[in-house]
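The following exercises are to be worked through with the sequence and the structure at hand. Each task is followed by a solution in steps.

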Amino acid sequence: MSTVPSPPPAASPPTPVSPVQAQALADGVLPPVEEVRPGIWTLAVPFRSGVPDATLVYVVEGSDGVLTVIDPGWSDGGELEVLSAGLAAIGRSVADVGHVVVTHLHADHLGAAAAVRHASGASVAMHGLEVRALEHERPDAERHEADIATWGIPDDLRAGVSAAWGTGRRLGLGAAVTPFADVLLDDGDVLPVAGRTIRALWTPGHTAGHLCFVDEGDGLLFTGDHVLPRINPGIGLGGRTDTNPLGDYLASLARLDPYADLEVCPGHEYRFRDVVTRARTLTRHREERSRHVAAALDTLDAPTLFEVASRVPFSGGIESMTGFLLASALTQTAFHVDLIGRADEVRPA
């Protein structure tokens, strides 16, 4: 029988490279514009109008003066006021943006891309699997609905899960506009930034087509939501996949090993160093979660997925969860069950 050891002491989050960003996060305000390297800046765009939740946007100037924006942040209704103010702070404007590159499809990263394209004529680039997920949003949602029916969710929670994860789900939250991308990026592709070599690194897990961007010349690694300094990123939060997103995520974390010396420019929170140590902390967290799932299966007789998840020590406990959070916890439990080869022990409700 599997046993669940006492959890190890929580790893300390990495030390901020940008104390200003870390302090702004602690104070619940947007951080100021900072120049990360000559010709590379970071600014913040809030989640809709919410602070402290914000996306860190990166602006890269090519040798030709054209700007590339990595993850332009959220936009409801096409407004670009915060992004425009950030660009004005460095003496530039949206009209100077020639390229928008996106780590993944979520609205807090992709949301303003179409508005920037409309304002400046910029091209929008992301991985083809993200485009596919957006194109298959409705059929995928219907398949999610069929999954939900098998999870054994209590009746009073079912409608909220369906609204957030089933037929009510919107991957782009209405912010994604066709054509979703003008350029499809693949692993190893070089971004069209004159005078710089920034390569795409395919890191599936959080979503199927998640990309990091490697700028070894400037010593920078743009990680989107793949690796964050304090948050354990959710897994499988894009379209449906033929592979296990958890297995994909663990393999993607290992792909960061060659980049230990690069400064990490994440999609949220603050910049930091030593991505390898942080990636190993995230791996240990997932391994511990698998041990809890295995212990639950050892204890329970033909449980439903909800019953297995009820034995897993999610932050706050599954009894505190509703809607999207509950759906995410259940799907991630299913990924762990599958990864340890015990899916046949879970009973469909």
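**Exercise 1.** Determine how strand β6 is joined to strand β7 in this predicted model, and identify the bridge partner of Ala125 in β7.

*Solution.* Step one: locate strand β7, which covers residues 183–185. Step two: count the bridges between β6 and β7; there are three, and the two strands run parallel. Step three: look across from Ala125 into β7, where Val183 is its bridge partner.

**Exercise 2.** Describe the pairing of β6 with strand β5, and state whether β6 is mostly covered or uncovered.

*Solution.* Step one: find β5 at residues 97–101 and β6 at residues 123–127.

**Exercise 3.** Classify the aromatic pair of Tyr58 and Phe222, and explain why the pair ties together parts apart in sequence.

*Solution.* Step one: recall that a pair of aromatic rings is described by the distance of the centres and the angle of the planes. Step two: take the two values, 5.2 Å from centre to centre and 65 degrees between the planes. Step three: apply the cut-off; an angle over 60 degrees counts as edge-to-face, and the pair of Tyr58 and Phe222 is of this kind. Step four: place the residues. Tyr58 belongs to strand β3 (residues 50–61) and Phe222 to strand β10 (residues 220–224), so the pair links parts that are 164 residues apart in sequence. Both Tyr58 and Phe222 are buried.

**Exercise 4.** Classify the pair formed by Trp165 and Phe324, and describe what surrounds the ring of Trp165.

*Solution.* Step one: the ring centres of Trp165 and Phe324 are 5.5 Å apart and the planes stand at 50 degrees, so the pair is tilted. Step two: Trp165 is found in helix α7 (residues 155–165) and Phe324 in helix α11 (residues 323–339), so parts 159 residues apart in sequence are tied together. Step three: compare accessibility. Trp165 has 0% relative accessibility and counts as buried, whereas Phe324, at 36%, is partly exposed. Step four: turn to Arg169, whose charged end sits over the ring of Trp165, 4.1 Å from its centre.

Definitions and conventions:
Residues numbered from 1 in each chain as written. Predicted model: local features only at pLDDT ≥ 70, side-chain atom pairs only at ≥ 80, totals over all residues. Heavy atoms only, no water. Phe/Tyr/Trp six-rings, centres within 6.5 Å; stacked < 30°, edge-to-face > 60°. Helix = DSSP H or I, 4+ residues; strand = E, 2+ residues; numbered from the N terminus. Buried < 20%, exposed > 50% of the residue type's maximum accessible area, 1.4 Å probe, protein only. Lys NZ or Arg CZ within 6 Å of the ring centre and 35° of its normal. Pairing = 2+ DSSP bridges.
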